Amino acid sequence: MTVMAVETEGLEVRLGRHVALEGIGFRLPENGFLAILGPNGAGKSTLIKVLLGLQTPHAGSVRVFGHPAGRGPTREVGYIPQIKTLDRQFPALPLELVVSGIRGSWPWRIRREEREQAMEALTIAGMDRKLGTPLGQLSGGELQRVYLARSFVRRPRLLLLDEPATGMDALGEADMYRLLEGYRSHHKATIIMITHDWDVARHHSSHVLLLNRRQIGFGEAQEVLVGEALRQAYGHVGHAHPMTVQDSSRD
Ligand SMILES: Nc1ncnc2c1ncn2[C@@H]1O[C@H](COP(=O)(O)OP(=O)(O)O)[C@@H](O)[C@H]1O
Ligand SMILES: [Mg+2]
């Protein structure tokens with residue numbers, strides 16, 4: 001039987017009086033690569049928070065590897081946030097950032113086995129050649145690779161990435177997808193990524209979730225990213241008329 005990485009049903013999330021998500025229901029099998037697409041304010045980041053167990057849904061259910069979100073083994077899920085600001089003067093080194101991912105706190109002294117684990121992750125991420133460069137002096141793409149190494153180090157079964165390509169050049173982006181693909185196939189991992197890039201969704205994902213507060217489509221990219229659905233998702237950008245979206249999108 002196929003193991004489900006994520007199962008949601010009738011999911012609804014309210015933030016204050018704002019309905020951030022409603023009618024979300026999809027099943028993503030283990031080893032899948034889900035691209036989440038939708039305009040700004042569609043609730044994409046909110047959905048990631050729900051999967052992490054950081055945001056409690058108002059209604060519906062969400063399971064991650066069979067456990068209620070946030071209640072499974074924490075090592076199973078790795079998260080790479082949307083905005084990574086880093087003080088250019090910050091004197092820390094890549095190894096320290098990666099070890100902080102093993103510990104969950106900043107390492108003042110690094111133990112030998114931690115160093116070995118972190119080195120392995122940095123090597124996979126192609127950053128073993130920049131060990132001596134302070135984080136503040138790395139390019140955006142290089143810093144992103146260190147964050148990827150930080151998430152790989154615990155060998156999560158599920159990786160959640162919120163717009164990971166932001167601030168990267170095209171080459172860095174292509175490298176990152178290669179890296180994610182390598183990690184996914186090697187560890188049978190599942191990847192969920194928010195992206196604004198339809199081509200990325202078409203080329204790298206096994207599944208696409210198209211959102212605009214409600215679920216507009218879920219399935220393979222060529223089924224979901226079609227004219228009418230895209231119009232429903234993006235046709236109302238900048239307009240706060242969820243009811244219009246709802247009414248016009250019945251099958
Ligand atoms: N605490 C809150 N109270 C009310 N609305 C919120 C709150 N937090 C976020 N929102 C709104 O919820 C919507 C969904 O946000 P988000 O999930 O970040 O969207 P996305 O990642 O798709 O751009 C946005 O319109 C945002 O302004
Ligand atoms: Mg967001």
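This is a predicted model: local features need pLDDT of at least 70, side-chain atom pairs count only at pLDDT 80 or more; totals for chains, interfaces and linings use all residues.
Trainee: Let's start with the ligand. Which element supplies the largest share of the shell around ligand 1?

Mentor: Ligand 1 is surrounded by a set of residues that includes L15, H18, N40, K44, S45 and T46. Two elements, β2 (18-24) and α1 (44-52), each give at least two residues to that shell. The largest share, three residues, comes from α1.

Trainee: What classes of residue make up the shell around ligand 1, and how many are polar?

Mentor: Glycines such as G16, G38, G41 and G43 are among the surrounding residues, and Gly counts as polar here. Three residues of the shell are nonpolar and one is charged. The number of polar residues is eight.

Trainee: Back to helix α1, then. Is α1 largely enclosed or largely open, and how many of its residues are buried?

Mentor: A residue is buried if 20 or more other C-beta atoms lie within 10 Å of its own. In α1, the buried residues are K44, T46, L47, I48, K49, V50 and L51. Helix α1 is therefore largely enclosed by the rest of the structure, the buried count being seven of the nine residues.

Trainee: Now the strands. Which residue stands opposite E9 in β5?

Mentor: Strand β1 covers residues 4-15 and strand β5 covers residues 59-64. These two pair in the antiparallel sense over five bridges. Within β5, the residue opposite E9 is S61.

Trainee: Which residue takes a positive phi in the hairpin of β5 and β6?

Mentor: Strand β6 (residues 67-68) pairs with β5 in the antiparallel sense over two bridges, and V64 stands opposite H67 in β6. The hairpin has two residues between the strands. The one with a positive phi, near 50°, is F65.

Trainee: Last one: is L131 buried or exposed, and why?

Mentor: L131 sits in the loop between α3 (112-124) and α4 (140-152). Because L131 has 12 C-beta neighbours inside 10 Å, L131 counts as exposed.

Trainee: What is the separation of the C-alpha atoms of L131 and L93?

Mentor: Leaving out residues up to four places away in sequence, L131 touches L93, P94 and L95. L131 and L93 are 38 residues apart along the chain, and their C-alpha atoms are separated by 6.8 Å.

Conventions
Residues are numbered from 1 along each chain as its sequence is written. Chains are lettered from A and ligands numbered from 1 in the order in which they are written. A residue is near a molecule or strand if its C-beta atom, placed from the backbone, lies within 6 Å of it. Helices (H or I, at least four residues) and strands (E, at least two) are DSSP runs, numbered from the N terminus. Two strands pair if DSSP finds at least two bridges between them. Two residues are in contact if their C-beta atoms, placed from the backbone, lie within 7 Å.
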